[in-house]
Amino acid sequence: MRAAWALLPLLVGPAIGGALDGASRPVQAVASIGLWVGWAGVLVAALVPSTASLTVLRVAAPAAAAAAGAALVSGGAGTAAGVVGLAGALAVVLVALSAPTAEIFVDGSSYGDERRMPLRTPAPLLAGPVELAWLAVVAGL
């Protein structure tokens, strides 16, 4: 997870940069600063395994994929950069949402010899409420 997130700017950066080419310089600066600060914050969360860090990862990874998808649709950097960016972001999403990642981060909050294991999300919640909650959190940010 840590390596995947660390490589994300190299994969998604050209696509987002191309998508922002038509924007004014202040908009580009604010977007760049915001994206770098967000990336660094999630990287710090990825370096400290805990349940709170897992929440940060599982909110930010799909948001990165959504940003890469938006950059691909805008087509500013070309299709190749957009496809590479989206593929890299989707790989980060798969790793962030995987069970082994959850086990590592949840167990990071345990005490001493204790072992904690994540709970599974009930299937009816995966049919919409979880996605709506994620959308509300990301839209709020």
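1. Trp36 is partly exposed at 49% relative accessibility (buried is under 20%, exposed over 50%, partly exposed in between, with a 1.4 Å probe and protein chains only).

2. A word on the basis: this is a predicted model, where local features need pLDDT of at least 70, side-chain atom pairs count only at pLDDT 80 or more, and totals for chains, interfaces and linings use all residues. Residues are numbered from 1 along each chain as its sequence is written, and side-chain values use heavy atoms, leaving out hydrogens and water.

3. Helices α1 (residues 2-19) and α2 (residues 25-47) pack at about 165 degrees, their axes 9 Å apart. They are therefore roughly antiparallel (the cut-off is over 145 degrees).

4. On the α1 side, Arg2, Trp5, Ala6, Leu8, Pro9 and Ile16 meet α2 residues including Trp36 and Trp39; contact means heavy atoms within 4.5 Å. The contact's residues split into 12 nonpolar, no polar and 1 charged.

5. Now for Gly88, in helix α4 (residues 79-96): at 11% relative accessibility, Gly88 counts as buried. Beyond its neighbours within four places in sequence, Gly88 is in contact with Leu8 and Leu11. Ala68 lies 20 residues from Gly88 in sequence and 8.8 Å away in space, C-alpha to C-alpha.

Conventions: Axes are lines fitted to C-alpha atoms, for helices over the stretch in contact, and angles run from 0 to 180 degrees between N-to-C directions. Helices (H or I, at least four residues) and strands (E, at least two) are DSSP runs, numbered from the N terminus. Angles under 35 degrees count as roughly parallel, over 145 as roughly antiparallel, 65 to 115 as roughly perpendicular and the rest as oblique. Ala, Val, Leu, Ile, Met, Phe, Trp, Tyr, Cys and Pro count as nonpolar, Asp, Glu, Lys and Arg as charged, and the others, Gly among them, as polar.
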